[in-house]
Amino acid sequence: MHKPNTLHDPGVQQRLAALLRSTANDLKRPDGAADADLGLPAGTFARLVTGKTAVTWEVLTAAAAAWPVNTRDLLPLHDDTDRDVRICRRADSLASSRTIARAGRPYYEYQDTAMSRLASYRPEWIRMLCTVDDNDAHNSAVQWNNGHLLYQLTYTVGPVNYYYQWNGRSYCVPMDTGDSVFGLPFSPHSFTSRAVGRSAYILALTYGGDLAGDPQRELAVLGGDAAQTLAFDAAEHGQAALFSTFMRARMLTPVELARHAGISPSRLDALLAGKVTAVESELHQLANTLRVNVRELLPVICDAVGGGVVMQRAAMARRWYLGPAATPAYEIVQLAGDRLHPHTTAVELRPQLGKPAAQAWLSTYQHQYVYVLGDHPTQMMWESGCLHQTTLQQGDSVYVKPLVPVAFIGGGGLLVLRIGGAVRPDVRFALGNMAKDGPTRYAEDTQLWYVPERND
Ligand code: FE
């Protein structure tokens, strides 16, 4: 189903060369010095970074041994998309079907849906094989997991019971088609069916988001105690924790911070203790003194903080139309979400048009996952060099790269989950504040950071 993960892929070779050049530039190693460091014959490094010689594992191993970098720092992403999308047909999902037993009895049938190496989605179609006749969270037939790292947006089809634990208490929530729930990491949960003979399944759209990749690897080195220390408790004193952490980072004492910010020491003490909340003028005074933007001093609110989940009933969901009032392209139904994840968008998307139209085109900075819920064929069009089109059937799923224009025509409901990638607003502001051509060079620089022949 997936192309093999290999260094021989031409795109991978191009990005390997750029990463090698970028790493050598960071370490201020011209080509000759890099050859010497890596034990390569003179002239080899120049050929590697210009793509004339293939980068091999031996080169990467030598670079990771000679330089203060990890092997993974030298490894690029593998683009496994075909013309910027990955389409997983229902038959592909069926081929991945596996039954997972709990307590010796079949409990779930899992099927993979569209995934890409470019995004942290791990979306599964899961059928409930255990049927219960009550809504008791302590029903002995319910088999709990231990919770998992990935965030989970669950979309329900049929009579599904959702079970979750939070702060030592167990809950059972009877759900039905269109209901959705967003859950926090490591909260134990389970699902059962309430009716024999009726289809009961979920789309368990798990994703790592901010938590996947580098933060986890850094904390794996710093340790579990460090992870606990660094965890901001959103429920209480979030603002005070931010003031304190920046104050210490800047090597300021409360007395000095108060003096430079023009705030009375007693007022600052109260702010640092979380006894009072800063008014807007104080936020600006403190932000200026700490040399940060005000947004750095605003705590992040988590909607799921009370119970670990955010539930969205289909009947209560916000609905709206997208496109001109007279001929909207889509009806949109909002699914569960949380302010903790501002870059996540979960909706049911219902195409309203029967033929291609300009207002149907969608484009976003986010990665996109689409699962076809409706049983009528949907035409998907997308732009990748030129226009492409395919027919999606119920059970098909798709991954779409960021910024790729896509349109859906006809058919029934589509489940759409958009998630942010690594290019967050901080990075986008950094790109926007680079010198001219900086963003392009950042993505694909293969040049030495200076021109050796020039004397200026
Ligand atoms: Fe799960």
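Gln368 touches Tyr121, Val398, Tyr399, Val400, Val406, Val416, Leu417 and Arg418, leaving aside residues up to four places away in sequence; contact means heavy atoms within 4.5 Å. The model is predicted: local features need pLDDT of at least 70, side-chain atom pairs count only at pLDDT 80 or more, and totals for chains, interfaces and linings use all residues. Residues are numbered from 1 along each chain as its sequence is written, and side-chain values use heavy atoms, with hydrogens and water left out.

Gln368 belongs to strand S15 (residues 367–372). Strands (E, at least two residues) and helices (H or I, at least four) are DSSP runs numbered from the N terminus. The relative accessible area of Gln368 is 3%, so the residue counts as buried. Buried means under 20% relative accessible area, exposed over 50%, and partly exposed in between (1.4 Å probe, protein chains only). The side chains of Gln368 and Arg418 are joined by a polar contact of 2.8 Å. Such a contact is a pair of N or O atoms within 3.5 Å; within protein, one must be able to donate a hydrogen and the other to accept it, and residues adjacent in sequence count only if both atoms are side-chain atoms.

The iron ion has His148 (NE2), Gln152 (OE1) and His189 (NE2) as protein donors, lying 2.1 to 2.2 Å from it. Donors are N, O and S atoms within 2.8 Å of the metal (3.2 Å for Na, K and Ca); water is not among the atoms, so sites may look incomplete. Along the chain, the donors follow the spacing H-x3-Q-x36-H. His148 lies in the loop between strand S4 (121–128) and strand S5 (151–157), and His189 in strand S9 (residues 189–193), so the pair ties together parts 41 residues apart in sequence. His148 is partly exposed, at 25% relative accessible area. His189 is buried, at 10%.

Seven antiparallel strands form an open sheet in the order S2-S3-S4-S10-S5-S8-S11. Strands S2 (98–102) and S11 (309–312) stand at the edges with a single partner strand each, so one side of each has no neighbour in the sheet. Neighbouring strands are turned by 25° against each other on average, direction ignored; axes are lines fitted to C-alpha atoms, for helices over the stretch in contact, and angles run from 0 to 180 degrees between N-to-C directions. Within the sheet, S5 and strand S10 (residues 201–207) run antiparallel and are joined by seven bridges. Two strands pair if DSSP finds at least two bridges between them. Leu153 has Leu205 in S10 as its bridge partner.
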